[in-house]
Amino acid sequence: MADSTKSATLEIDGKKYELPIFSPTAGPDVVDIRKLYAQAGVFTYDPGFTSTAACDSTITYIDGDKGELLHRGYPIDQLASKSHYLEVCYLLLYGELPSPAHLEDFESRVTSHTMIHEQMMYLFRGFRRDAHPMAIMVGVVGAMSAFYHDSTDINDPWQREVASIRMIAKMPTIAAMAYKYTIGQPFEYPRNDLDYASNFLKMCFAVPAEDYEVNPILARAMDRIFTLHADHEQNASTSTVRLASSSGANPFACIAAGIACLWGPAHGGANQACLEMLKKIGTPDRIPEFIARAKDKDDPFRLMGFGHRVYKNFDPRATVLKQSADEVLELMGIDDNPILQVAKELEKQALADPYFSEKKLFPNVDFYSGIILEAMGFPTSMFTPIFALSRTVGWISQWKEMIGDPQLKIGRPRQLYNGSTMRDYVDIENR
Ligand code: SDX
């Protein structure tokens, strides 16, 4: 972090405290409060972390007002149109776009790790067939620390590298197996002659009874969805991975914690919730009823796929996904898809409504992704597992950055305590 060139003055009870200010390469300045409690005996209070920078990172930058998303400085719309997921993985992990030779080596290392330990198959059998695939993924990914002991020592850079490659390589296999298990079909093994996205589609949709040809346009759309979900600064699940990792827990356990957090409907579970909402709306004439509910303070209903903690403009990922939705639906011959029609009309009516425009509530990444995934043949229960698969490289990259920081400290927030002050125990006969 660059040296501080200015400071903020905080005055409490007549006493002044100088707090260093650091200026980043992009985004708001930060006020360094690390010594505040020791100097002034006070905490700051920010339960939703709306005004708190929890770390110093060089991986992803978001400008919510401009609707900008950069991975190591490269805009997401350029990466989505010119790059591909494994190249973006390399960029997030190592900080630069790879040379042809480095990319070939990286892709070869990922490909050679796509199978999982055969004994892990039995973990799936412990779940009911109607288990949500996210429940299976949390369990199986956490259990990886019981199978890959040679890449759990976080202090060994080589083991960190192996764990990173293993996670990126095995997540599609685990996600596809979770899907196959819930539909009662046999697992499909990964193939080394397929690219990352094609491999995932094959493991999900191939059956032993016949040959399966991956549609290259669907593979491209799948790869683009992976790329658009790869990383997103210090979102809730990434912050969960960072906090879990700060205790020194092994990488597989920390990624499992990230998967659990992502599952929530306010976060990665929104893509499933959004499609279910669009289906519940059903036809464009019912949209006003749901918009009214979303605006009603007494109604907990929210428009899923709308709003974002950071984006107060369009989510640039939603813009790209909207284009992909049209392409995939046209390819699948469902360009009159009623759900897409409801989505486009809902977006139009919501954005024309002052409630949404004034609160800067725009479609986010989850608004269109579900439409594409459903058109590709995935059930809604697989939407968040696909988000988790895609985000694994972001979690791993942020984990590596944090673990590699010599100033790493365990994350331990304090609190604003409003409970009972000290009082003596009362024996039960006196209560
Ligand atoms: C992701 O952080 C990330 O980067 C996440 C993510 C990533 O890539 O990792 O981008 C992925 O999680 C995208 C978000 C997916 N979630 C949803 O689509 C669920 C619906 N959205 C909301 O739950 C909400 O918008 C959040 C959780 C996304 C953001 O909530 P904030 O920033 O805490 O905002 P808020 O809840 O304080 O809302 C501000 C106001 C409130 O009204 P007031 O109390 O000020 O009157 O806007 C209202 C909210 O009631 N509001 C909505 C709304 N979202 C916010 N009203 C109706 N519908 C909505 N969707």
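These legends go with a set of close-up views of a predicted model.

View 1. Start with the shell: 24 residues surround the ligand. If you want to know which ones come closest, look for His232, His308, Arg309, Arg317 and Arg391. Sorted by class, this shell is made up of 10 nonpolar, seven polar and seven charged residues.

View 2. Alanine 266 takes part through its backbone, with an N or O atom lying 2.9 Å from a nitrogen atom of the ligand. Lysine 359 uses its side chain instead: a polar atom there lies 2.9 Å from an oxygen atom of the ligand. Asparagine 364 also has a polar side-chain atom 2.9 Å from an oxygen atom of the ligand. As for how much of the ligand is covered, the ligand taken alone exposes 1000 Å², and the protein buries 76% of that.

**View 3. An open sheet built from three strands.** Follow the strands across in the order β4-β5-β6, and you'll see that the pairing is antiparallel. The edges are β4 (60-63) and β6 (74-75), each of which pairs on one side only. Strand β5 covers residues 68-71, and two bridges join β5 to β6.

**View 4. A cavity inside the protein.** The structure holds one cavity of 30 Å³ or more. The volume of the largest cavity comes to about 70 Å³. Its lining is formed by Met115, Ile116, Glu118, Met121, Thr173, Met177, Phe187, Glu188, Tyr189 and Pro190. That lining divides into seven nonpolar residues, one polar residue and two charged ones.

**View 5. The second largest pocket.** This pocket holds about 230 Å³ of space. It is lined by 20 residues, and those closest to its centre are Leu86, Leu194, Asp195, Tyr196 and Ala197. Which elements give two or more residues to the lining? They are the helices α4 (100-111), α7 (157-182), α8 (196-205) and α9 (216-228). The largest share comes from α8, with five residues. By class, the lining of this second largest pocket has 11 nonpolar, five polar and four charged residues.

Note on methods:
Residues numbered from 1 in each chain as written. Predicted model: local features only at pLDDT ≥ 70, side-chain atom pairs only at ≥ 80, totals over all residues. Heavy atoms only, no water. Near = heavy atom within 4 Å. Polar contact = N/O pair within 3.5 Å; in protein donor to acceptor, adjacent residues only side chain to side chain. Areas by Shrake-Rupley, 256 points an atom, 1.4 Å probe, with all protein chains shown as cover. Nonpolar A, V, L, I, M, F, W, Y, C, P; charged D, E, K, R; others polar. Pairing = 2+ DSSP bridges. Helix = DSSP H or I, 4+ residues; strand = E, 2+ residues; numbered from the N terminus. 1 Å grid on protein atoms, 1.4 Å probe; cavity = no way out; pocket = protein on both sides within 12 Å on 5 of 7 lines; lining within 4 Å. Points joined across faces, edges and corners; volume = space filled by probe spheres on them.
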